[in-house]
Amino acid sequence: MMRPGAKQYVVARPLYSEESFTEEYQKVYRHRKTKMDLIKQYFTCDAKRAKNAALSLLPVIGWIKIYRIKEWLLSDIVSGVSTGLVAVLQGLAYCLLANLPAWYGLFSAFFPVIIYFFLGTSRHISVGPFPVLCLMIGSVVNRLVPSEEGLPALVNITAFKGLNLYEQRVLVASSVTFLAGIMQLAMGIFQVGFVVMYLSDTLVSGFTTAAAIHILVSQLKFVLGLPVRGISGPFSIIYTLEIIFNKITSTNVCDVVISLVIMVVVFIVKEINDRFKSKLPVPIPIEVIMTVIACGVSYAFDFKTKYGIDVVGHIPQGYEPPMAPDLEIFEHTIMEAFPMAIVGFAVAFSVAKVYSVKHDYTIDGNQELIAFGFSNIFGASFKSFAASTALSRSAVQESTGGKTQVAGLLSAIIVMIVTFALGFLLDPLPKSVLGAVVIVNLKGMLMQFRDIPYLWRRDTPDCVVWIVTCAASVVLGLDLGLAVGVGVELISVILRTQFPRCCVLANINGTDIYKDRKDYFDIYEPEGVKIFRIPSPIFFANIEFFRNKLVEALGFNPLRVLRKRNKALRTIRKLLKKGDLQWTSIGFLNTSFGPIKESEDESNMEDLDLVDLHSLILDFAAVSFLDISALKGLKTILKELIRVEVEVYIVACDTYVLEKLHRCCFFDDEIEPSMFFLTLHDAMLHILEKHPESIKKKFDYKKIITTVTVHHPGGSLRSNMGFSVLSEDTLTCGPGRTRMKQVAFY
């Protein structure tokens, strides 16, 4: 029933098949570029394109021209100083995850930032160490360079000769970072930034949650003050926990107390920052404050000597000379470098998208790949490790008023000052403080466990992807876990496409709208007409499913009916040839035994009249492509239906799908282009005109309501509140053309 005061519209037009529409309306011819044309266009260069390329490769040129010094500079300075202090602390803390000396984290908080300032498109993310990447690097380092207490290295690398343990580890970390940077740069140059789209938010959430668990376990040795060798590979987290529990009686009480105090205070102040962030001019830098206090107390009471706690130790002043990566290490780390490149870019790009939407500017995924690729290559040359962005550090840069990457550049300057002049002040800093800071900052990632109930209620397949990715990453390691997660995600997509929710449609009374007949009461289904919809592409993997669902909807198997009819026909011909069967006015007559009676033995005759369907409409509105296997299967299905005298109509077929059907010689004497109609309603009206008995057997009125308002060319809208019923007295438009009237209500 129509709502009172509902708006109405009327369309009065001819009934169109695809052929008749093409005849009446001429299409615009568009020249399709060949591959050679695209290659020529790609390598063609002019002044405008050179300028655009320069602006694209150096985004700093674009935003530096509009930089508002009076409005933005002070905010960027405040943000840069705040972010720099956090970057120093996180650089030292996250470096422990990579199993490297702490001061190398300061290198990672400096060199990549400088390159990103010139090449990056995001104005708000803070580039530098990211805990998940640090953990992945630490896994590679442990595999190639085990600690003194661990097993000997599984590979013999020539470049290790003459290097001490830490130098070997730094070489591995910088080499795998260099390789990851090359991969990111290559993906950016070849414009394949879309690969990150295969990492859904659900997968990234499950993966980062598993990474948080790995990080938590890896920091327990610092919090408890236990000597635990690094372990990599599948089940490493279980082996690490086993070692920790075996050594739990050797826990350093001083480290535990320091860690608990740091975690409690930092947690409380961070909650205050979150709750009163609208009232605070800048977040309270509690990590920095507690680090300064811990350094002072540790130095004053000589914690290292009295209580045997492990401290950061001597931090060399300045930067080390550049170093070339080792190609032999490339051979042993290529499988780990690729997931590092993908994860580092995916996380940074996700954070960058959030801030770009919030502050109304655009970012370029491919340029971001180039920026991170160059950042990691340049940084690795100076012994830093893979860079991305830490969520908390980027939040500090944005929330303290940062407007552009000038804030990022200033944060790098703060890190440089600490490296050159203030590093000695951090010598007495207990490593348990850094471990506690890392653990507290895992809160956001660990709280993602709350996504599980939500995903289970809203989208069970996505929930399965989350759980499998998280579990696999925890048990098998981050690299294999990511591969498993991507595999499960692709399988879920394939299964959803391979087994779509097909349905039978029916007309909503009084409209030209067709919906699933199971969902509505007031529907109209003409006698002998079936409308079948498949809401997905049709390809080799789901063509058989499509056939089975179609047979289920029809209520009969056309191939089986055809075979039984052919069998019955052969039997009749055989009896006629023998003279045992004659045709009379009352039907076939067996000359030996009288009229033929139906029996169980003559089951070949029983299905001859079961097909009570004369027309089938296939709704292809959601079919975006068909492959060759699907074309062959579809053609077979259509021929079977046509041969059992069922007229088939395909509606709303995509233009490019239709063109492919023509190119692949889909049409023949049985399957003709005339079976394709523009819309479902066009096909339905065509069927009702061709089979008027379908209307008479059901409903005596109100089959399809005509239009209510007609728009006349050159005139205005004219209302006509009268309704009329579709009947045999349809209006015509041209020779043999039916004029269709439709209505839809808002």
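Predicted model: local features only at pLDDT ≥ 70, side-chain atom pairs only at ≥ 80, totals over all residues.
Local features need pLDDT of at least 70 and side-chain atom pairs count only at pLDDT 80 or more, while totals for chains, interfaces and linings use all residues. Residues are numbered from 1 along each chain as its sequence is written, and side-chain values use heavy atoms, with hydrogens and water left out.

- Leaving out residues up to four places away in sequence, Ile 125 touches (heavy atoms within 4.5 Å) a set of residues including Tyr 116, Ala 348, Tyr 355, Phe 372 and Gln 405.

**Largest pocket**
- A pocket is an open set of points on a 1 Å grid over the protein atoms alone, with protein on both sides within 12 Å along at least five of seven lines, while a cavity is a set where a 1.4 Å probe fits but cannot get out; lining residues have an atom within 4 Å of a point.
- The largest pocket holds about 1,600 Å³ of space, a volume being the space filled by probe spheres set on points joined across faces, edges and corners.
- Its lining runs to 46 residues, with Tyr 355, Leu 391, Ser 392, Ala 395 and Gly 444 nearest the centre.
- Helix 17 gives the most to that lining, 7 residues.

**Cavities**
- Met 136, Ser 139, Val 140, Glu 336, Met 340, Leu 478 and Asp 479 line the largest cavity, where helix 8 gives the most, 3 residues.
- The second largest cavity has about 50 Å³ of space, and among its lining residues are Ile 125, Arg 393, Gln 397 and Gln 405.

**Cysteines**
- The disulfide count is 0, where a disulfide is a pair of cysteine sulfur atoms within 2.5 Å.
- Cys 463 counts as buried because its relative accessibility is 1%, and Cys 470 is buried too, at 7%; buried means under 20% relative accessible area, exposed over 50%, and partly exposed in between (1.4 Å probe, protein chains only).

Note on methods. Helix = DSSP H or I, 4+ residues; strand = E, 2+ residues; numbered from the N terminus.
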